4 protein chains.
Amino acid sequence: MKNTFGNSISVTIFGESHGEYIGAVLDGMAPGIDVDFEYISHMLTLRRPDGKISTPRKEKDEFKIVSGVLNGKTTGTPITILIPNENVKSGDYSQMRTVARPSHADFTAQCKYHGFQDSRGGGHFSGRITAALTAAGAICKLALEKKGIYIGTHIKKCAGISDRNFDDIFCDIKALNGKTFAVLDDKTEEEMTSAILEAAEDGDSVGGVLETAIIGMPQGVGEPFFDSIESLLSHMMFSIPAVKGVEFGAGFEIADMKGSFANDPMRIKDGKIITLKNNNGGINGGITNGMPIIFRTAIKPTPTIFKPQETVDFVNMCETVLEPKGRHDPAIVHRARVVQDAASAIVICDALSARFGTDWLI
Amino acid sequence: MKNTFGNSISVTIFGESHGEYIGAVLDGMAPGIDVDFEYISHMLTLRRPDGKISTPRKEKDEFKIVSGVLNGKTTGTPITILIPNENVKSGDYSQMRTVARPSHADFTAQCKYHGFQDSRGGGHFSGRITAALTAAGAICKLALEKKGIYIGTHIKKCAGISDRNFDDIFCDIKALNGKTFAVLDDKTEEEMTSAILEAAEDGDSVGGVLETAIIGMPQGVGEPFFDSIESLLSHMMFSIPAVKGVEFGAGFEIADMKGSFANDPMRIKDGKIITLKNNNGGINGGITNGMPIIFRTAIKPTPTIFKPQETVDFVNMCETVLEPKGRHDPAIVHRARVVQDAASAIVICDALSARFGTDWLI
Amino acid sequence: MKNTFGNSISVTIFGESHGEYIGAVLDGMAPGIDVDFEYISHMLTLRRPDGKISTPRKEKDEFKIVSGVLNGKTTGTPITILIPNENVKSGDYSQMRTVARPSHADFTAQCKYHGFQDSRGGGHFSGRITAALTAAGAICKLALEKKGIYIGTHIKKCAGISDRNFDDIFCDIKALNGKTFAVLDDKTEEEMTSAILEAAEDGDSVGGVLETAIIGMPQGVGEPFFDSIESLLSHMMFSIPAVKGVEFGAGFEIADMKGSFANDPMRIKDGKIITLKNNNGGINGGITNGMPIIFRTAIKPTPTIFKPQETVDFVNMCETVLEPKGRHDPAIVHRARVVQDAASAIVICDALSARFGTDWLI
Amino acid sequence: MKNTFGNSISVTIFGESHGEYIGAVLDGMAPGIDVDFEYISHMLTLRRPDGKISTPRKEKDEFKIVSGVLNGKTTGTPITILIPNENVKSGDYSQMRTVARPSHADFTAQCKYHGFQDSRGGGHFSGRITAALTAAGAICKLALEKKGIYIGTHIKKCAGISDRNFDDIFCDIKALNGKTFAVLDDKTEEEMTSAILEAAEDGDSVGGVLETAIIGMPQGVGEPFFDSIESLLSHMMFSIPAVKGVEFGAGFEIADMKGSFANDPMRIKDGKIITLKNNNGGINGGITNGMPIIFRTAIKPTPTIFKPQETVDFVNMCETVLEPKGRHDPAIVHRARVVQDAASAIVICDALSARFGTDWLI
């Protein structure tokens, strides 16, 4: 379905970096859900380039909801969010039309759209489109909190520096949601920031790993095989530009474990079945077991760098060198974590709605 | 869609470990495609437990195609593959009905199906269902080869021992497809096998990493965002039981790279645009760039082990210890690689059909 | 999705008239639903050619359920029904490979499948495939009855003779479900049968109109626009071969009414909101209002007749005359009504599951 | 998928009658398609209330395309159309919140959305939403014309007065597309208009039948069973408010025909296979045969009338009488025909894209 994802609850995204609006249509949300404009605004602000690491864009993201919300509550019909694009001087991007930025989608867009694509600022491939996803997900995230389901993402690793693991997840999430730079161990913020700025000074960029925890999930949500919670979450995560890996629970480390170590022993605690470890990340056979859902994504360093790069002019079919100009983001992990939170919330709302019906979130 | 996946080409799977048949319906394949029964049989044999590592099941997997194939060619209508289950003594599994095997889906199945699930041998959650997926994918894999698109998977890592990387991928794939234990460097087979058997003697199991290469892909296939090739492949991969991670190109390692190193410089070679590295695994912005698609999955150690395990009786709500009995597979990576090949082939056929129409594969 | 329909609950059909099996996979049904094999068999028998009007096929339709049912109850995982084809002498159909039967799908199959289609007995286009749909729908129909939702279809018109309208719908449905030739007014059976046999003697065939009532539906099920109950039911109905029209409530007659007459006045009865008329067929804005869902389908006369017909040989591209041979069904309305019942039941279960969650039908 | 329809090409609609915007996202259209803003505007104007029959709204529908179109051509990414709502005095509709307008969706909306629905002017159930569908379809309709596929709809019947049948369909479509009141026989316009105005004077409304022809379709497009062209078109048509019936070819009349009369004899003409009649409306077995696709819809009289109506207050659960006020449309058939044209175009583009790939329309 190309730009639409989800079944019981779906999201459709649209827009280009330099078009009039980017936006999203969130369909299938239960009626009567509170829509907190402040909270959406807060999440959009966290997603934006900030003055510390990136060259900030001047204004904050304005947004408006033009359907599906009345008197601050969802009506049950499609919720449409519009985010106007700022007046970016598009001349900065004029070279992109024929010269591919390495590891961007310029060339593949050409292969698919035959030159008709909007290549200004990355067009529809721009990470900016994730702002729309973030706004839609913000509505879902708050709705989940009302049902005792909390989602939080931290920068597990950036520029080779690691944050501590989740510990008391509820408290950790609470703390994360208030932070601009989402690390659990505050002192890693400084280390990571320094490393990012060092890379930036060198005209370079860095990547990282984002780790998400979802707690409070009812047991028995999801499906075996194709609609496994892992399948749905990874489908969504890999649609976020820059994600090159997704792993659940122990993830790739589990490949090196013995079964006797990897298996999660089970216990009964306060009348509820739990596991002592969580190497499966809260999911067995595609279905939630009630333990926290834990997953990580690999975020590649932003491909736009301030160094000359070997590339090609795909129209004139010649090799060339891309000279750096304009601004660049030396890191996006701290911003991408907001997108990951929001995108996860959409998937979880969809899975819950499928399981318990369209009114469950009310 | 639960047990159905794909749009232009879709696959529906069904069956339980101890039911009469497991099977798959492959719908949307172009008419006139050769269906090679020997090849399907070959892939099914590779997927089965073998005498070297696992306790082999006695007979080989018989299968029959009961619709959609006429005179050895696809008709264009749904292809239904049935694989009869062997007469397994179901008494071995009687304990499972109430006592959860740790890291299996026994408990989550209970949460979702309220005790009505078929728990014999794992029921619908059994890895055995992947035999049906394998048979369906075998048809797709051969169809792709006719169009110059080749898929191969090797055991990149098992029990901590690593295979070499892909080199001349075409030759590597050719070699892999003939192997029972799919490693590129033959001497790692012995090392891995020894490590597996050592774990087996200890009643334990091991996991691993599978790496897949897809070559010959046309450029410009896939979609930005939700139908990115990465999204579709990962969705499929995470539906295979035991997969806990999926990564493309440099995957999680890219998180530690600088942009200047991670970016894939572009060149023109023989009139075609290529990249000098392939850290993006053949995909930019969700769309193929013509370079090999490379991805890896993390396979957890088989949770069935021959050691006592702490667990719960979820019906009587008490803690208990699961005593080992019956047979167990100390490793499944060598078998899972066939499933990964086949499952990838279905996704790729779907993406190609969406892009170029339903007759393209003819 | 070609041969798969439905979201929360879906059905996938497969098979050809002369293949080994036709069948269906019903996915998403709640666990714990009773599966009554006698009832399925009963519905399959009603769908079969009978000795009175059609030349009967010798044996009755055997079927088996090879997955998704355990101890007579659904498990919650895909239910697969297989119906073996009888040993039909395929030589009767040899002419079909190149000579199109007018108003059959022979020629369009050629256009789409380029000669690779299985044309024996109509192949995948055969009305016989509806037996699989009927078996799947029989499970749904009984599940609905357990929740107080009843579905019945009568032959509203056949060969120009009309049955009476629904009156006490609950009683009417009860009566219909026991009948081989489903009319409400018993004396029309004789009239219709005579007219059918008269046409048969002349080597001709007749069509008719089928009317379905669904009672006991909860209010508020369905969606505005694309997932309106009307959209879903008509989508399903038009997939049944021979259906050329679908209308709800007053249907095409409403086109001639004034608004003041067409509108359904509303009242409160026993604390429940009802309408005094039902020109909207139980649906407003795509959503159920709690009144009976009423719809009719136009069934074309069976195109296989016992008269010479002008047609073409689409391989040799010449005009020719199709000479009659073999048996033909002078009418199928009395059999198609079973399919309509069953197919409706699938759609309604899907809509209810979407609305109230996957456990609602338990 | 609620407010999203289509696979290869999909449309998502959103908005409420009195919200800021209604709109549509058209996704999957080939890149490089001309977008003619004048033509879209023309179709929107035809859809609007006009001064002759309805009380006209003052301004014409403005619209803007905020994504997916660059330099007057589609980019291949989602096309978003926004249509601002005019400043309607919402007080006129204040009674609707608790008192159901008979045969409107007020009560079913309450059942589904529990009072959170936007009931001003019908909210999301308003026929006004079809303006967005019309704008999206206008793009598709022009794209089809470039490929020689033409769509036209006329008012086959209104207020009991019938228009002539299609004759030279190409010329008829050309003529229809220029008309405000789309009848083939000009003198019926006056008769129909008089009858409509007569009903209006009496405070009443009338319905009608719309007939659509689609010519130039390639042969072999569509699918047997669930993705039959009939299924897809009817699914779309029944999502248009007011449609209560859909029939193809001879439609319900075929129910009264003998097979020998109903069957369409086949011939070869200019090297192409044709049928001498077209009782099947261009579709056999769900697949196009190259003859014109012909279908009709039953449009119910607008339920808003200028007479007192018996109804209920669904909040206070009491019976009441709805007193007429404000304006009402005595007929919408002349406006709905534009929606039918446009909506058909979307479905046909989707089917063609599925069959021939995403670039076919270029």
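Which residues of H3(C) and H8(C) meet? The second view below has the answer, and a few notes come before the views. This is a predicted model, in which local features need pLDDT of at least 70 and side-chain atom pairs count only at pLDDT 80 or more, while totals for chains, interfaces and linings use all residues; side-chain values use heavy atoms, with hydrogens and water left out. Residues are numbered from 1 along each chain as its sequence is written, and chains are lettered from A and ligands numbered from 1 in the order in which they are written.

**View 1. An open sheet of five strands in chain B.** Helices (H or I, at least four residues) and strands (E, at least two) are DSSP runs, numbered from the N terminus. Follow the sheet in the order S1-S2-S3-S7-S4, with antiparallel pairing. Strands S1 (4–5) and S4 (64–67) of chain B stand at the edges with a single partner strand each, so one side of each has no neighbour in the sheet. Two strands pair if DSSP finds at least two bridges between them; S2 (residues 10–15) and S3 (residues 21–27) of chain B pair over six bridges. Here Ile13(B) stands opposite Ala24(B) in S3(B).

**View 2. Helices H3 and H8 of chain C cross.** The axes of H3 (residues 130–146) and H8 (residues 333–356) of chain C come within 7 Å and cross at roughly 55 degrees. Axes are lines fitted to C-alpha atoms, for helices over the stretch in contact, and angles run from 0 to 180 degrees between N-to-C directions. On the H3(C) side, the contact has Thr130(C), Leu133(C), Thr134(C), Ala136(C), Gly137(C), Ala138(C), Cys140(C), Lys141(C) and Leu144(C). Their partners in H8(C) are Val338(C), Val339(C), Asp341(C), Ala342(C), Ala343(C), Ala345(C), Ile346(C), Ile348(C), Cys349(C) and Leu352(C). Contact means heavy atoms within 4.5 Å.

**View 3. Chain B superposes on chain A and on chain D.** A rotation of 180 degrees with 0.0 Å of shift along its axis brings chain B onto chain A (RMSD 0.0 Å). That is the relation of a two-fold axis. Copies are superposed by least squares on the C-alpha atoms of residues with pLDDT of at least 70 in both. For chain D, too, a rotation of 180 degrees with 0.0 Å of shift along its axis superposes chain B on it (RMSD 0.0 Å). In chain B, the C-alpha nearest this axis is that of Gly357(B), 1.9 Å from it.
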